[in-house]
Amino acid sequence: MKPSYCNYFFIFIFILIYTESAFSQELDITPHLKKIEAGEIAEVASKLNGLKTQYPNSSALLYLEGLLTEDGDKAFQIFKSLVDKYPNSKYADDAIYRIYNYFYAIDNYDNANHYLNRLKTEYSESPYIKLTEKVVFSTGNTSTVKPVESKTEPKVNEKTNQADY
């Protein structure tokens, strides 16, 4: 009896589906991010170790761990690890932006500028670049801040006569 190509096709599809689920390590952390935003940090932190066991190679969980870490140096190491290991992660540009903010906050403008340049070159389409545009580094070790344009509503010419309506 000769095996049919249909059997091979189904075996191929089964293998493809199995390997996709076996190697998929990304997790949707949106619900956890919303809980952090709502102030439920302890609840998310309590679930982190279990999630890391279940998804050991998840860049999303590495990002979440960085967000939950209160020590700036440790958070920097976590975000740097995320960018180094997973440069194509959807959280990589955010991680670099957070590293930039960390160095800027501790007055380490050289490193902040390095990560700002990295954000602009490696993630040129990142929305975080616009957030950094209000900070400009001067030639010294101090920074200046550009004034941010007002976001007020446009001026509307008021009509004074009823006949103008």
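Me: Where does Ser-89 lie?
Reply: Ser-89 is in the loop between helix 5 and helix 6. Bear in mind that this is a predicted model.

Me: Is Ser-89 buried or exposed?
Reply: Ser-89 counts as buried, because its relative accessibility is 11% and the cut-off for buried is under 20%.

Me: And which residues is Ser-89 in contact with, leaving aside neighbours within four places in sequence?
Reply: Ser-59 and Leu-82. With Ser-59 there's a polar contact between the two side chains, at 3.1 Å.

Me: Let's zoom out. How many helices and strands does the protein have?
Reply: Eight helices and two strands. Along the sequence the pattern reads α-α-α-α-α-α-α-α-β-β. Of the 165 residues, 30% count as buried.

Me: What pLDDT does the protein average?
Reply: The average is 78, and 65% of the residues score at least 70. Residues 18–24 are below 50, and that stretch has zero contacts in the model beyond near neighbours in sequence. Residues 138–162 also stay under 50, though there the model has 17 contacts beyond four places in sequence.

Me: OK, on to the core. How many residues has the largest nonpolar core?
Reply: 35 residues. Ile-29, Leu-61, Leu-64, Leu-82, Phe-103 and Tyr-115 have the most contacts inside it. Helix 3 (41–54), helix 4 (59–68), helix 5 (72–85), helix 6 (92–105) and helix 7 (109–122) each supply at least two of the core residues. Helix 6 gives the largest share, with nine.

Me: What is Ile-29 in contact with, leaving aside neighbours within four places in sequence?
Reply: Ala-60, Leu-61, Tyr-63, Leu-64 and Tyr-91.

Me: Back to helix 6. Why call it largely enclosed by the rest of the structure?
Reply: Because 11 of its 14 residues are buried. Among them are Ala-92, Ile-96, Tyr-100 and Phe-103, and also Asp-93 and Asp-94.

Me: What does the side chain of Asp-94 make a polar contact with?
Reply: The side chain of Arg-98, at 2.8 Å. Not counting residues up to four places away in sequence, Asp-94 touches Tyr-63 and Tyr-128.

Me: What span does helix 6 reach from its first C-alpha to its last?
Reply: Helix 6 reaches 20 Å, close to the 20 Å expected at 1.5 Å a residue. After helix 6 comes Asp-107, which has a positive phi, near 65°.

Me: Now helix 3. Where is its kink centred?
Reply: On Leu-48, and the kink is about 35°. From its first C-alpha to its last, helix 3 reaches 20 Å over 14 residues, close to the 20 Å expected.

Me: Last one. Among contacts between residues at least 6 apart in sequence, what share join residues at least 24 apart?
Reply: 49% of them.

How values were computed. Residues are numbered from 1 along each chain as its sequence is written. This is a predicted model: local features need pLDDT of at least 70, side-chain atom pairs count only at pLDDT 80 or more; totals for chains, interfaces and linings use all residues. Side-chain values use heavy atoms; hydrogens and water are left out. pLDDT is the predictor's confidence in each residue, from 0 to 100. Contact means heavy atoms within 4.5 Å. A nonpolar core is a set of buried Ala, Val, Leu, Ile, Met, Phe, Trp, Tyr and Cys residues joined through side-chain atoms within 4.5 Å. Buried means under 20% relative accessible area, exposed over 50%, partly exposed in between (1.4 Å probe, protein chains only). Helices (H or I, at least four residues) and strands (E, at least two) are DSSP runs, numbered from the N terminus. The expected span of a helix is 1.5 Å times one less than its number of residues. The bend at a residue is the angle between axes fitted to the seven residues ending there and the seven starting there. A polar contact is a pair of N or O atoms within 3.5 Å; within protein, one must be able to donate a hydrogen and the other to accept it, and residues adjacent in sequence count only if both atoms are side-chain atoms.
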